[in-house]
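Reader: Please take me through one part of this model in detail: the place where the two chains meet. Keep it brisk.

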Amino acid sequence: MSELRLAPPVADWRRFTGLTLTYLAVAGLALFILVPVYFLFILAFMSRAEVYSWPLPLFPKHFTLDNFHFFLTINPKIIPSIWRSIEVAITTILIALSIGGLAGYSFARFRFRGKNALKLSVLFVRMYPGVAVAIPMAVLFMRLGLYDTPFPIALALNYGVGNIGLTIWITASIFLGINEELEEQAMVLGLSRMGAFFRITLPLAAPGLAAAAIYTFIGAWNEVVIATLMTQFNPTLAAVTYHTVAAAAGSLHLQSAGGAFMAFPALVFTFIIKRYIIQMWGGVRI
Amino acid sequence: MAEVRLEKVSKRFGKRVWAVRDFDLRVEDREFLVLLGPSGCGKTTTLRMIAGLERPTAGLIYIGERLVNLIPPRDRDISMVFQSYAVWPHMRVYDNIAFGLRYGRRKKRLSKADIDRVVHEVASLVRIEELLSRYPTQLSGGQRQRVALARALAVKPQVFLYDEPLSNLDAKLRIQMRTELKYIHEQAGSTSIYVTHDQAEAMSMADRIMVMREGQGAQLGTPNEIYFRPANQFVAGFIGTPPMNMLEVELEEEDGGIKLVSPHFGFRLGEKTARAVQESGVRQAVLGVRPEDVTVSLEGGDFSAQVFVVEPQGPQQILSFKLDETLIIKSLTSADLSVSPGQEVWLSFNRERLHLFDRDTGVRLN
């Protein structure tokens with residue numbers, strides 16, 4: 001310690017300046033993201049008069065839920081669409097995690113011919129924008145009779161397949177972080193490889209897998225473009241919100257309520273997975 | 001119980017890498033056999049093939065009378081202790097130990113009370129009874145090691161497999177655990193196969209040692225055979241601390257006997273050794289002498305040399321002598337002998353314990 005104190009003042013200044021600049025940059029970035037989010041949420045709870053008053057108060061003086069009430073009732077499709085969005089997200093997770101998770105396990109544990117090429121190729125599906133194939137995809141689903149069904153299977157398939165590649169990489173990194181000897185010990189003491197996977201590996205991987213699931217959930221929950229193109233009478237919340245907010249141009253308080261309503265679940269989930277992100281990406285080396 | 005037999009077992013990784021090649025081994029019932037060798041010699045792969053965690057590329061593996069090549073690990077009636085201990089972090093110590101009793105297929109289903117009895121029995125054997133309700137993260141490395149041991153014991157297997165179980169413990173605990181493991185082996189009355197790269201561990205625990213090198217057996221024998229009659233230069237150099245002195249020598253016929261000649265010394269070999277050398281016809285050899293067989297004297301000996309370095313080791317000391325630019329030989333002597341670097345002393349070799357190896361093949365001559 002005493003040696004550190006003896007360091008010349010110049011070095012101290014340099015360190016101080018460096019730290020200050022770092023903190024300024026971080027603060028700037030945080031403000032860039034947080035200021036719009038903050039205004040989105042306070043505007044949602046203000047009356048129309050207050051929203052358009054000057055100067056704009058930094059906190060709603062007359063706290064109101066009217067905007068939300070209006071948003072939820074103006075379009076009869078909204079309430080069913082919330083449920084549908086949850087269906088889409090959960091089905092997407094089931095597809096992505098069951099296929100992607102098992103594939104991720106294989107990439108983490110086994111050596112096989114063409115492994116390197118395969119693990120790269122699973123990302124190909126991410127290399128072009130989803131919109132580019134949305135129209136042909138819509139046509140395809142129409143022919144299959146799956147277009148715009150009440151249960152949004154077409155959307156779930158679309159998101160699910162799009163997420164498998166990423167899920168493979170995430171889950172492989174989770175499984176790699178679990179010592180293989182833990183499984184082998186279980187196999188020696190009485191389980192099959194499958195049994196060891198379910199009794200040992202899966203419980204240990206659960207927090208990471210949950211994080212991966214929520215990550216997928218947010219993606220499916222927030223997706224607008226494909227949802228708009230692939231639905232008509234049975235839209236998801238994202239699609240309905242988009243239409244409603246677009247139609248409410250000039251009513252900032254209503255638009256904010258729609259945006260806040262949409263963003264809230266995603267925000268909550270993000271805070272939940274925060275703790276697991278390190279585990280999710282910590283061991284990336286497949 | 002069971003003997004374990006390996007016949008011409010080979011394991012190839014990828015296209016070219018032979019981890020184990022044409023390996024034969026017969027482990028007697030209730031024997032404590034140690035597979036010893038430097039890293040990469042194939043000892044762990046061999047153990048994993050016996051466990052069923054690796055499939056041999058060729059060869060047959062028997063446990064008891066049963067050919068087990070196609071039998072999955074869980075049906076082989078074995079236990080294994082891993083280097084990482086492999087204690088499951090999401091289960092209490094109790095459940096870790098009871099695991100094999102609950103899910104094992106080898107024995108008939110045990111009642112809850114029976115499982116409880118066995119768990120307490122093995123936990124008291126390895127002295128962790130007070131830890132049963134804890135989670136592994138709350139345990140020290142040594143305690144986890146004991147949990148792994150208790151778990152292996154609980155299923156009362158025919159064969160115990162150990163994969164460097166002590167290498168993650170600190171030096172003091174390691175020596176203590178050696179004694180306990182040997183005691184447990186005797187209590188359990190099973191066959192044990194133990195992999196290590198630590199020769200002191202091997203020497204102190206094994207009934208027999210199989211020294212491995214590059215996927216093949218270099219020598220199989222009791223610790224004393226391995227130490228006092230190494231079959232080849234590799235085993236001779238691998239076993240012993242400090243390592244055996246190796247000196248290149250010529251063997252010359254002289255008056256019907258054999259004289260051993262080096263630039264620094266020369267002497268006639270004893271009759272038995274000479275006969276063995278004559279039969280082999282080898283004239284270029286390597287002479288191996290263990291440091292404790294190099295006697296240092298101030299009065300006289302085979303040849304004289306200057307003390308190079310003195311390394312005290314408590315009751316003993318290691319003396320080094322530089323014979324020429326590349327050749328240093330070491331002697332392990334009593335610390336009572338007081339010498340200092342630069343001093344001229346006499347060295348002689350214990351004739352009863354000379355090791356002669358063919359310089360080309362490394363095979364023992366005498």
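**The interface of chain A and chain B**

Chain A brings 17 residues to the contact and chain B brings 27, where contact means heavy atoms within 4.5 Å. The model is predicted: local features need pLDDT of at least 70 and side-chain atom pairs count only at pLDDT 80 or more, while totals for chains, interfaces and linings use all residues. Residues are numbered from 1 along each chain as its sequence is written, chains are lettered from A and ligands numbered from 1 in the order in which they are written, and side-chain values use heavy atoms, with hydrogens and water left out.

The size of an interface is often given as the accessible area lost when the parts come together. Here, about 1,900 Å² is buried between chain A and chain B, and carbon and sulfur atoms give 63% of that. Buried area is the accessible area (1.4 Å probe) that two parts lose on being put together, summed over both. On the chain A side, Q185(A), V188(A) and L189(A) supply 35% of what that chain buries against chain B, more than any other three residues.

The rule finds one salt bridge across the interface of chain A and chain B. A salt bridge is a side-chain nitrogen of Lys or Arg within 4 Å of a carboxyl oxygen of Asp or Glu. R48(B) and E184(A) meet through their side chains in a salt bridge, at 2.6 Å from N to O. Eight residue pairs, both at pLDDT 80 or more, are in polar contact across the interface of chain A and chain B. A polar contact is a pair of N or O atoms within 3.5 Å; within protein, one must be able to donate a hydrogen and the other to accept it, and residues adjacent in sequence count only if both atoms are side-chain atoms.

Which elements carry the chain A side? α9 and α10 of chain A each supply at least two residues of the side that touches chain B. α9(A) gives the most, with seven residues. Helices (H or I, at least four residues) and strands (E, at least two) are DSSP runs, numbered from the N terminus. By type, the residues of chain A that touch chain B divide into nine nonpolar, four polar and four charged. Ala, Val, Leu, Ile, Met, Phe, Trp, Tyr, Cys and Pro count as nonpolar, Asp, Glu, Lys and Arg as charged, and the others, Gly among them, as polar.
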